[in-house]
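Open the model in your viewer and keep the sequence panel beside it. The stops below go from one selection to the next.

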Amino acid sequence: MSFTRPDGRGNEDKRPLHIIYERLDRVDGSARFGFGDTKALASVSGPIEVRLAAEQPSKATFDVTVRPLSSLPGTESKALATSLRGLLSPSLILSRNPRTLLQLVVQSLTPSPIESYPPSLAAACINASSLALLNAGSIPMTGVVCAAGVALFRSTTEEDIPALVLDPSESESREAVGCGCFAFLFRTEIAGSQPLPTNDTPGARLVWTNWHVKDGTSDDGELARAQALGLAGAETIWRAIKQSVPQMDNLPPPPLPSRSTAGELGIITQSDEVSDQDMNDAKIEI
Amino acid sequence: MALQTQTGTSTDLNAQIFQRLHPRAYLERFIKEDIRPDGREATEWRDLSVHVGSISTANGSALVRLGDTTVICGVKAEIAEPDLERPKEGFLVPNIDLPALCGPRFKPGPPSEEAQVLSDRLASTITAAGVLPLSALCIHPERAVWVLYVDATCINYDGNVFDAALIAMVAALKNTTLPTATFNEETGRTMCSRKLRKPLPLECLPVSYTFGVFDGTTVLADPAAFEEPLLDTSISIVLDEGGALLSAGQLGIADKDTMSMCVSAAKERLETYGREIYAFLE
């Protein structure tokens, strides 16, 4: 692979991950997720009272709103919200709280082009939603959904090996021949009582694909390879989320398996007052 | 399986009532017999027919029937000033309406969320596939470009409107002719020829193939309106006329091989039937 990325990353490298549990006061759960500068904030309220018209007798109504950084939400926000509802539903047990409302609001913190959300921003929205649902803890879940963006570049001069890159930045996804987002549901089947080995990921199942290629080739493997790269990205995100969960409630952080990995993943812990102060600053900034 | 004993004993329970009350069980029984409620096999498609040019007041139009699903699409061309950032590009504005007349699920009023999401999917598919290069709509850089309003309306909703609407939009664009236009810099006006008309230079003719996964295992091609709400997963594969993959969309739990299976099923359909869809429009 002779393809080099503008920011010097390897083809399968993500930008540093940011996982921050916002602890917004007026909602049940909230979290911020970012790939480098591509960030999204999500909040969850529920189960709460539902409008009579939207009430469902056998399960909770799941309402998702996506808001862009500037201007009013358009059809692209509605489309992403519908996708989010569809892809998060398999991870939630909505039938436990019938006749209630589960409200998820996702606020993009990155400017996006008017027509669409770039794949990495969509992935950040999905991951932030999963974190907020974990943070709320009020809705029973069957698993955690993690997503990653993938972009495809074709070299014109070199021998024709298309390069697939993970977590494309906005300029990369604009220039790429193809790009898309893949979301996976990570779920452990409760078969035995054996706990999972520390760094092992549970079985993942594809819940969302959104793949577009400009100049199509009839190469069957391309989609499968992009999907596999998306899965590899989603697995590292799942591990980062797992490491972040013990620090969610501002408890002293448990000894991490290795400090270097945590630093590499860029998890921001909020274990002491200093980082709490940072948190407040961040809130004002938003 | 209290349900089974109940239906086993009461013989007068009408099939239609059973379908209304227990749609999932109704479909399950059909699937168990390897047939679908409308008589199709799991991978069988409904009949497709495409007519073009039926709306004489539009620049191009198409009427598509996919089984009982009917979508009509008209293309209206107007002249506008281009975007400052893209002075040589025109505009392509696809939109679909799901009016109350097309089915009992739809209510009159402003476009429903479903219609907006469908419009957005169609727009992003047509843009991402590069059906029409926007530079071809330029009349005079920075001053005048064509705006193509590609408006589709669903007349009868019987499932899989996305596939039908995409074919209708592409066929309508294929049918569209634009008058030769010249921009007069002195007067600042655009003049159109009355006689000379040119077709649009379309670069690819995509066709979408939608599948649904029922009960986690059964893949149903071209889901009908009755089947759609019962499906766990919906998968849309868009191929161009050469069989190249242009986009893949999927929502809901799917196994890794389901996607590749749907891609090959879509290619098979393209080989057997797909090439004829736009061929007669040449």
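How many salt bridges does a search of the whole structure find over all chains? The search finds 19 salt bridges. Keep in mind throughout that this is a predicted model.

**Stop 1: chain A**

Select Asp167(A) and Arg15(A) and show their side chains. The two meet in a salt bridge, 2.9 Å from N to O. Asp167(A) sits in the loop between β7 (163-166) and α3 (170-175) of chain A, while Arg15(A) belongs to the segment before β1 (17-20), so this pair ties together parts that are 152 residues apart in sequence. Are these two residues buried or exposed? Asp167(A) is buried, and Arg15(A) is buried as well.

**Stop 2**

Move to Asp232(B) and Arg24(B), whose side chains form a salt bridge at 4.0 Å, N to O. This pair links distant parts of the chain: Asp232(B) is in the loop between β10 (218-221) and β11 (233-239) of chain B, and Arg24(B) is in helix α3, 208 residues apart. Asp232(B) is partly exposed, with a relative accessible area of 38%. Arg24(B) is also partly exposed, at 34%.

**Stop 3: Arg40(B), and back to chain A**

Next select Arg40(B) and Asp38(B). They form a salt bridge in which the closest N and O atoms are 3.1 Å apart. Arg40(B) has a relative accessibility of 4% and therefore counts as buried, whereas Asp38(B), at 42%, counts as partly exposed. Now return to chain A and select Arg5(A), Asp7(A), Arg9(A), Arg15(A), Asp167(A) and Glu172(A): salt bridges that share partners join these residues into one network. The pair from the first stop, Asp167(A) and Arg15(A), is part of this network.

**Stop 4: a charged patch on chain B**

Show the surface of chain B and colour Glu33(B), Asp34(B), Glu41(B), Glu44(B) and Asp47(B). What do these residues form on the surface? They gather in a patch of negative charge. One of them, Asp47(B), is found in the loop between α3 (23-32) and β1 (48-52) of chain B. Asp47(B) has a relative accessible area of 68% and so is exposed, the cut-off being over 50%.

**Stop 5: cysteines**

Finish with Cys192(B) and Cys262(B). Cys192(B) is partly exposed at 38% relative accessibility, while Cys262(B) is buried, with a relative accessible area of 1%. A disulfide is a covalent bond between the sulfur atoms of two cysteines. With sulfur atoms required to lie within 2.5 Å, the count over all chains comes to 0 disulfides.

Conventions:
Residues numbered from 1 in each chain as written. Chains lettered and ligands numbered in written order. Predicted model: local features only at pLDDT ≥ 70, side-chain atom pairs only at ≥ 80, totals over all residues. Heavy atoms only, no water. Patch = residues over 30% accessible without salt bridge, like charges linked within 9 Å, V, L, I, M, F, W, Y side chains within 5 Å. Areas by Shrake-Rupley, 256 points an atom, 1.4 Å probe, with all protein chains shown as cover. Lys, Arg positive; Asp, Glu negative; His and termini not counted. Charge placed at Lys NZ, Arg CZ, Asp CG, Glu CD. Helix = DSSP H or I, 4+ residues; strand = E, 2+ residues; numbered from the N terminus. Buried < 20%, exposed > 50% of the residue type's maximum accessible area, 1.4 Å probe, protein only.
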